[in-house]
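Let's take a walk through this structure together. Have a look at it first, and then we'll go place by place.

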Amino acid sequence: MTLEGKWKFKFSKNHNEAPANFYLVNFDDSEWEDFPVPGIFELNGHGDATYKNVGYAWATQFKSNPPYVEEKNNYTGCYRKKITVPDNWKGDKIYLHVGSATSNLSIWVNGKFVGYSEDSKSAAEFDLTPYLTPGKKNLIAMQVMRWCDGSYFEDQDFWRLTGLAREVYLYARPQSHISDIFITPDLCDNYTNGVLNIELKGANCKNKTATLTLFDQKGAVVKSQDVPLGNTAKLAWKVYNPLKWTAETPNLYKLRIDLKDGKKLLECLEQNVGFRKIEIKDAQFLVNGQPILIKGVNRHEVDPDGGYVVSVDRMLQDIRLMKENNINAVRTSHYPNDPRWYDLCDKYGLYVIAEANIETHGMGFGSSSLANVPKYEQTHLERNRNNTQILKNHPCIVIWSLGNEAGYGVNFEKAYDMVKKYDSSRPVLYERALQNRGTDIYAEMYLPYDYCEAYAKRTDITKPLIMCEYAHAMGNSEGGFGEYWDLVRKYPKFQGGFIWDFVDQGLRAKNKNGKDIYAYGGDFGRYPASDHNFNCNGLFNPDRVAHPHVDEVKYFYQNIWTTLKDSANATLDIYNENFFKSLNNISLNWTLLCNGKQSAAGTIADIDVAPQQHASIQLEGYKRPTSAGEYVLQVEYRIKNDDQLLKAGHIVAKQEFVLSPYIYPSLEQVKLEMPVRPLTNSKVKPAVTKDEQLACIILNSATTTVTINKNTGFIDYIDVNGKPILEDGYSLKPDFWRAPTDNDYGASLQTKLGVWKNPTFNLKSLKSENEGICQKVVAQYDMPEVKASLTLTYTLNSRGKIIVEEQFIPNDSLAKYPIMPRFGMTMVLPKDFNYIHYYGRGPIENYWDRHTSTFLGEYTQSVSEQYSAYIRPQECGNKTDVRWWSLYNDETQEGITITAPNPIEMSALNYETEDLDGGPVKEAHQMHSGDLTPRPFTVVHIAQRQMGLGCIDSWGAWPLPQYRIKYGNHNFSFIITPNAK
């Protein structure tokens with residue numbers, strides 16, 4: 001009987017102000033509000049949503065002193081609801097189930113106290129039989145507090161909210177019933193046959209019989225047996241060659257248990273069963289004898305509208321997104337999830353690390369940690385007992401986790417021993433145990449690449465390396481993700497990890513101007529403790545719209561890999577990286593591109609490759625390219641028929657191979673191009689700007705006029721046939737900066753590299769001359785902050801093409817100055833240059849260290865869609881390996897094209913860098929993408945390179961050295977050609 005819906009509710013900001021005796025039957029609640037159950041206080045008008053990573057929500061109010069908390073600001077909610085229990089429940093045992101209450105729960109029925117519970121992420125259940133009267137009105141009263149002593153163990157990196165978050169219901173059972181079922185599957189005979197160990201416990205079951213029946217997926221009976229129950233019963237069934245459960249092949253059987261008193265059926269229970277075996281051998285984690293790879297994510301239970309209240313539809317959406325993006329494992333960070341989540345993981349196939357609700361991060365990991373305090377031993381044991389005993393029968397759970405970031409000590413060692421004794425069929429993980437005995441897996445977080453490699457090379461280790469958190473996906477991130485997977489695929493003892501994390505925790509809100517934003521820490525109230533937007537580090541935004549870096553994760557998590565063995569005959573080697581699933585439901589589509597345009601294509605309908613096997617396939621219809629041009633072969637693997645949540649046609653893997661190089665334009669050839677028609681005004685001459693305030697140099701050709709400011713040496717006016725190309729008031733100027741990403745801020749690069757943000761350009765000389773049929777101006781600068789010289793050379797050829805050359809020469813020791821965020825130029829075009837058409841990597845944004853999943857091709861996009869709406873504005877929209885790039889007016893088709901003698905990087909946004917830059921102190925500005933108003937122009941960045949993004953962590957790690965622009969000699973050139981379209 002569901003109790004969800006509206007309850008009478010009274011909110012008290014301070015616990016000591018909560019109404020006394022509110023649980024009495026005759027208490028007057030007529031003035032109380034109607035409040036949703038489930039529902040969160042702070043998202044329904046009461047209190048401030050608080051976000052902390054490290055430290056407790058009371059950090060700005062009082063010092064931590066476990067087990068004590070204050071009554072001030074300790075939000076308290078009192079609930080009342082009158083219900084009628086079905087009359088036919090008389091004689092049954094009646095239980096109340098409250099799926100999740102944060103931080104604690106007290107229950108009264110008909111004015112009498114029933115009980116108390118804490119551990120906010122495990123269900124609280126109460127026997128209400130002595131208190132309820134079936135067939136009549138009954139009053140249930142509840143009280144929930146924001147903080148209790150148990151809150152010291154719930155210092156997880158997430159929103160600190162208050163309320164009831166999961167199902168609330170009553171249920172009835174006969175006086176004689178099954179009180180516990182423990183099903184432990186196993187495999188034997190070289191993983192061929194199954195063993196089902198079943199242990200039953202009964203309540204008041206003397207002289208009762210349990211009939212156990214195992215059904216297969218088609219409903220056929222596999223095995224059945226009558227068992228005298230009494231208090232307990234144990235049996236072990238051997239099942240010959242059952243279909244095995246894995247994340248790739250989530251084959252489920254159903255065990256039905258009928259409890260009988262003679263011929264009378266008392267109750268019937270059903271439990272899903274998956275035959276599988278979990279082991280650690282030779283420092284490898286095995287499922288059914290196979291050393292699987294963990295392609296995982298961490299997932300908090302969070303919804304942009306409900307907070308902790310997450311619907312089954314949202315859960316199903318999350319699993320679909322995981323399956324679509326080749327994610328095969330999830331860690332329930334950092335607490336037991338809604339039980340329905342595990343049912344879905346059983347059904348659709350995800351390997352689950354099931355984590356207990358313990359985190360005391362705010363107490364530190366040293367002497368102040370509660371892990372060594374004897375009076376908290378029982379707390380560690382109880383919370384792990386709640387996790388394992390409630391969830392033990394789910395085949396998706398392959399690893400138990402004792403908790404997260406709570407130090408290490410004797411309390412965790414005792415918890416480890418307890419869990420291993422209770423369930424020896426699964427390994428136990430605890431990250432802070434590192435390589436000590438309190439964990440079976442080495443799961444340390446955020447290890448750098450070289451450390452992972454060094455560990456994986458060791459011959460003395462017994463624990464596999466599976467990072468419980470890695471590749472911190474905060475903001476514009478996941479640069480260098482592929483380097484992790486190069487190591488995973490190289491070293492057997494390194495078996496992957498769980499990305500932090502799956503989804504941004506932003507809450508839907510309005511800013512002060514009424515615009516939609518996703519709120520983060522610090523957006524609610526003036527005084528709550530805050531770690532700002534550090535809870536926005538997901539692969540997906542709160543509404544589950546993918547961030548661009550998801551594609552890189554999907555690519556390196558994919559399970560099909562292709563090697564081009566013979567480009568002449570188009571012979572491919574296809575490797576099926578799955579461990580249990582063939583490719584019999586996969587087709588191969590291939591495309592041959594020439595300079596970005598499709599030249600040939602084909603499909604191979606059947607590529608049935610067995611797990612962990614290779615197959616050689618020749619592409620029919622493929623012809624070896626004979627004409628000049630850059631040829632690229634791209635292959636895609638698609639699902640042929642619907643496969644659970646995945647629809648036919650879904651791309652599960654892809655790769656591309658460059659067969660011949662692109663021919664880039666030569667600057668010298670451009671300079672020698674003959675005119676389209678006779679030159680006019682071909683000489684360099686001084687002139688004045690339109691407002692006659694600044695002297696300038698004007699270069700003319702048959703189609704183009706370029707104006708160079710004599711005071712700055714920058715181009716501040718370009719027109720083509722009289723139509724201005726540059727936005728009035730803006731110049732084509734050097735560009736060494738980017739709007740800091742979250743990773744940049746975490747490493748303090750906004751200050752460490754700050755010299756590049758607005759460097760001084762002291763114009764030393766400005767010379768103009770004719771160079772053959774071209775006109776040229778050379779501007780030379782001194783850059784005092786970085787002890788360097790900069791030379792800009794502008795050449796206008798007779799066809800109106802503008803060649804821009806940028807040369808940076810350091811004048812001092814190379815070790816003294818920081819790397820550059822970007823080396824290139826920037827300019828601003830009028831708003832009617834609103835579309836891009838380019839040949840390079842796409843279609844989504846990509847970066848030096850995050851572009852493997854983006855393929856070469858011709859792409860046409862609007863400028864307005866270039867902005868990537870990370871929760872907090874930052875650098876975005878970049879494209880790498882650009883061969884040519886056109887900006888144009890989609891109505892007139894007029895525009896410009898930018899080319900270069902080498903690949904370049906480009907972006908075009910309706911925002912200036914300053915709009916996306918939070919300044920030297922990130923926390924000083926609560927910026928949101930929803931706050932932004934697009935500019936009425938197009939900002940273009942033309943770069944030789946932009947430094948990488950990095951992903952090791954977001955609190956100190958830099959991009960890998962190979963993705964940094966070192967201080968040194970740099971030369972960059974590109975060509976602006978008018979009338980591109």
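What volume does the second largest pocket have? The answer is about 660 Å³. Of its 33 lining residues, Glu248, Lys323, Asn559, Asn578 and Lys581 sit closest to the centre. The lining splits into 16 nonpolar, 11 polar and 6 charged residues.

Before we go on, keep in mind that this is a predicted model, where local features need pLDDT of at least 70 and side-chain atom pairs count only at pLDDT 80 or more, while totals for chains, interfaces and linings use all residues. Residues are numbered from 1 along each chain as its sequence is written, and side-chain values use heavy atoms, with hydrogens and water left out.

A few words on terms. A pocket here is an open set of points on a 1 Å grid over the protein atoms alone, where a 1.4 Å probe fits and protein lies on both sides within 12 Å along at least five of seven lines; lining residues have an atom within 4 Å of a point. The volume is the space filled by probe spheres set on the points, which are joined across faces, edges and corners. For the classes, Ala, Val, Leu, Ile, Met, Phe, Trp, Tyr, Cys and Pro are nonpolar, Asp, Glu, Lys and Arg are charged, and the others, Gly among them, are polar.

Now for the largest pocket, at about 1,300 Å³. It has 37 lining residues, with Glu125, Tyr171, Gln271, Gln389 and Ile390 nearest its centre. Among the elements that give two or more residues to this lining are β10 (124-127), β21 (264-273) and α3 (377-391); helices (H or I, at least four residues) and strands (E, at least two) are DSSP runs, numbered from the N terminus. The top contributor is β15, with 5 residues. By class, the lining has 12 nonpolar, 12 polar and 13 charged residues.

Strand β20 (residues 253-261) meets β21 in the antiparallel sense over 9 bridges, and Leu255 has Gln271 of β21 as its bridge partner.

Our last stop is Gln946, in strand β55 (residues 937-946). Is Gln946 buried or exposed? Gln946 is buried, with a relative accessible area of 0%; buried means under 20%, exposed over 50% and partly exposed in between, using a 1.4 Å probe and protein chains only.

Conventions: Two strands pair if DSSP finds at least two bridges between them.
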